[in-house]
Amino acid sequence: MNLEVLNGRWPFWLGAMALAITAVGYAATLGRLLGVSGMYERLVNSRAELATDREERAFADRAVLAEALHRETLLELQRQGLPAPERTSPEALAPARPEVAPRVPLWGQGVFLLMMFAGGALAKALSGGIAVQASPDPLHLRLFGAAAPLALLLGGVLVGFGTRLAGGCTSGHGLSGCGRLQPGSLLSTACFFGSGVALSFVLARVLA
Amino acid sequence: MSASVEVMAAPPPARVAPRAAPRWGAGWGRILAANAGFGLFLGFSLSHIGFGEYGEVHRMFLFADLRLLLTFGGAVALCAAGFAALSRRWWFVQRRAQVGSVTGGVVFGLGWALSGACPGIVLVQLGEGRAYALLTLGGIFAGTWLFGLAQRRWGWGVNERC
């Protein structure tokens, strides 16, 4: 591996491979699709999710209880010499392939987000070192001037709200969804690229 | 009486085979390794692709530089090949087209063009030392929280999540 890969901007094919390896590899390893905005949502609503988890564990216990009752009922029927109802075989109840993987636990999603941060830091550290940059990119400053912090904050709110309204962002819809040719994802991706293009043209025309 | 003892000795099989599946479907080691490894790789890659820089994203939206668009398009094409193979093994959530796909997509796109960040990129920006991205990150958390509020307040439908 030459140093070009560690230093400069990657050519499009290398970037495309890296993104695809991440999205497909994540799904192949865990059976769950990669989607970053969903991780934010789960972190924000983590208290409710943990409460639901506790309820579901209690429900699982009730399922065991129901199972025990069922067994006792069958025993009683046998004892009384009554015909047992037809049993469903476990094979028939087993999930048919392809299977549904359970959700990645909350802490796993937290690890993913922290490591994305670390990945950005590593890339920067290996290519000239990290310099803390308090003011936005020059172009962003030129476009928004003193309102740049407001643009960042408002933009963030729109990103957070919009991705949850759409049910996905660049990773969940753009890669995991478009890669599977899902109608909702294709539509959503077209919409966020479209509105990004439209606003950028307006910004370039009006502010620059 | 003796018959009942015999019956007790051989109880009928359970209706459903007891499931001893691990709680998360995979061991914690695999979950940790996959999330840490792919998270690090994605952050590293996005930084080198240049998605963290507002100028690059702005030029992508203006079609002034096609590299990012080609990167994304190429990734989708490669993903299509990969997921075609994967879907024989796993069932993945289906994403129907719904009103939220359009409104949410449009709102997200506006935010992306304003801030230059999507939910993943903002973390990469922070890792790169772009401290101003803290504002974007705060905004994204606020927006996510606001959506949950709106959902509970007005009973908006829950979108399928990935």
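**Fold, contact and confidence**

Biologist: In chain A, what share of the contacts with a separation of 6 or more comes from residues 24 or more positions apart?

Modeller: Keep in mind that this is a predicted model. If you take the chain A contacts with a separation of 6 or more, those between residues 24 or more positions apart account for 60%.

Biologist: Why is chain A more spread out than a compact globule?

Modeller: Chain A has 10 helices and zero strands. Its C-alpha trace spans about 90 × 40 × 35 Å along the principal axes. For 208 residues the globule rule gives 17 Å, and chain A is well over that, so it counts as more spread out, with a radius of gyration of 25 Å.

Biologist: Which element of chain B has the lowest mean pLDDT?

Modeller: Chain B averages a pLDDT of 85, with 80% of the residues at 70 or above. Residues 1-9 of chain B stay under 50, though, and the model has four contacts for them beyond four places in sequence. Helix 6 (residues 121-127) of chain B has the highest mean, 97. At the other end, with a mean of 45, sits helix 1 (residues 2-9) of chain B.

Notes: Residues are numbered from 1 along each chain as its sequence is written. Chains are lettered from A and ligands numbered from 1 in the order in which they are written. This is a predicted model: local features need pLDDT of at least 70, side-chain atom pairs count only at pLDDT 80 or more; totals for chains, interfaces and linings use all residues. pLDDT is the predictor's confidence in each residue, from 0 to 100. Helices (H or I, at least four residues) and strands (E, at least two) are DSSP runs, numbered from the N terminus. Two residues are in contact if their C-beta atoms, placed from the backbone, lie within 7 Å. The radius of gyration is taken over C-alpha atoms; the globule rule is 2.2 Å times the number of residues to the power 0.38.
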